[in-house]
Each structure stands twice: as structure tokens, then as C-alpha cells.
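Here's a quick tour of the model below, for anyone who likes to see cut-offs next to the numbers. Have a look at the fold first, then read on.

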Amino acid sequence: MAADFIDEAFRAILVADAGIIATGASVFVNSISQGTTAPFILVTQVSRIPSETKDGASITDTFRVQVDSWDTSISTARDINDAVKSALDTYSGTEGNVKIINTWLASEQTVRDDTLELNGVSSDYMVIKTD
């Protein structure tokens, strides 16, 4: 299935990346499947900022995409995050129907889910995309 949205494009980039494959992490968009076990990566589009145009709809937009890397071990979650960073930071190209001009890491932080007993790294990427 060809990617039509930025979060789907990120998923496609990650599942094809050798560094991500080596971690054994599954990659999901927006939500994880019930019964999923760590390690896994969750990709979520957080926002879309259209470009100001004078003659119609914006064709070049900036997106913020959150990529969360999860595992029972914070060390493994950090390793997964490093693989994500290698795959996405400064990425440009076309994935499916999504044309990415530039991608950069905007921020990252460690997180903990006490209910699931998981540790993670949450990273925000800024993406410039054109139609």
C-alpha cells in the first residue's frame, strides 16, 4: 500500500530501514494493536501548518510528527530511538505519494508508562512536505 499521509510515509521509511529491522521493533501509526509486546515504535502526526498562499490551497506544508520508541528497558528504547533518528533526521525523498523536502529532529525526551511498565523516548520531527 502506497503512503498517502506523512505518518504512513514515516512508517514505510522505518519498516524498510536496516537499523530499525535490527532492533526487532514493530512500527505502528496512531495506535498499537491489542496484545502488542515491546519493542515497538508509534508514529503520530501531531500538527499540520499550511503555507500562506495568495492563489489557492497550500501545496507546501510543515508537519510535526511524534515518534515514540518503547521497550521494557530504557537502554533498548534509546537504541531504537537512535535507529529512528538515523533513518529520519535530514531525510528527503518520496515515499509512496508523499514528497518530503526535509525532515529534522526538533526535540526528544524520555518517558515512562507505569501502567504498561514500559520505558520510551518520544521524539518530535518537523517535516516540510509538498504536493
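## Turns, sheet and helix

E117 is found in the loop between β5 and β6. Helices (H or I, at least four residues) and strands (E, at least two) are DSSP runs here, numbered from the N terminus. Before going further: this is a predicted model, where local features need pLDDT of at least 70 and side-chain atom pairs count only at pLDDT 80 or more, while totals for chains, interfaces and linings use all residues. Residues are numbered from 1 along each chain as its sequence is written, and side-chain values use heavy atoms, with hydrogens and water left out.

Back to that loop. β5 and β6 form a hairpin with four residues between them. E117 has a positive phi of about 55 degrees although it is not a glycine. At 53% relative accessibility, E117 counts as exposed; the labels are buried for under 20% relative accessible area, exposed for over 50% and partly exposed in between (1.4 Å probe, protein chains only).

Some backbone angles deserve a second look. Most residues other than glycine have a negative phi, and most peptide bonds are trans.

| Residue | Phi |
|---|---|
| N30 | about 70 degrees |
| T90 | near 70 degrees |
| E117 | about 55 degrees |

N30 sits in the loop between β1 and β2 and is partly exposed, with a relative accessible area of 46%. P39 lies in the loop between β1 and β2 too, and the peptide bond from A38 to P39 is cis, with omega near 10 degrees. As for T90, this residue follows α3.

Now the sheet. What is the strand order of the open sheet? Its six strands run β1-β2-β3-β6-β5-β4, with mixed pairing; two strands pair if DSSP finds at least two bridges between them. β1 (26-29) and β4 (93-95) stand at the edges with a single partner strand each, so one side of each is left without a neighbour in the sheet. On average, neighbouring strands of this sheet are turned by 35 degrees against each other, direction ignored; axes are lines fitted to C-alpha atoms, for helices over the stretch in contact, and angles run from 0 to 180 degrees between N-to-C directions.

In the sheet order, β6 comes between β3 and β5. With β5 (residues 98-113), β6 (residues 118-130) runs antiparallel, joined by 13 bridges. On the β3 side, the pairing is antiparallel over 12 bridges, with T62 opposite I128. How much of β6 is buried? 12 of its 13 residues are, so β6 is largely enclosed by the rest of the structure.

D61 is a β3 residue. Is D61 buried or exposed? It is buried, with a relative accessible area of 3%. The D61 side chain makes a polar contact with the side chain of R48 at 2.5 Å; such a contact is a pair of N or O atoms within 3.5 Å, where, within protein, one must be able to donate a hydrogen and the other to accept it, and residues adjacent in sequence count only if both atoms are side-chain atoms. Leaving aside neighbours within four places in sequence, D61 is in contact (heavy atoms within 4.5 Å) with residues including R48, I49, V127 and K129.

Helix α3 (residues 74-88) lies across β2 (40-50), β3 (60-71), β5 and β6, at about 10 degrees to β6. S73 caps the N-terminal end of α3, with a side-chain oxygen 3.2 Å from the backbone nitrogen of S75. Buried in α3 are A77, I80, N81, A83, V84, A87 and L88. They cover an arc of only 160 degrees around the axis (taken from the directions from the helix axis to the C-beta atoms), which puts them on the same side of α3. Those buried residues pack against α1 (6-16), α2 (18-23), β2, β3, β5 and β6.

Finally, F10 has its place in helix α1 and is buried, with a relative accessible area of 0%. Not counting residues up to four places away in sequence, F10 touches V43, V65, V67, L88, I100, T103, Y125 and V127.
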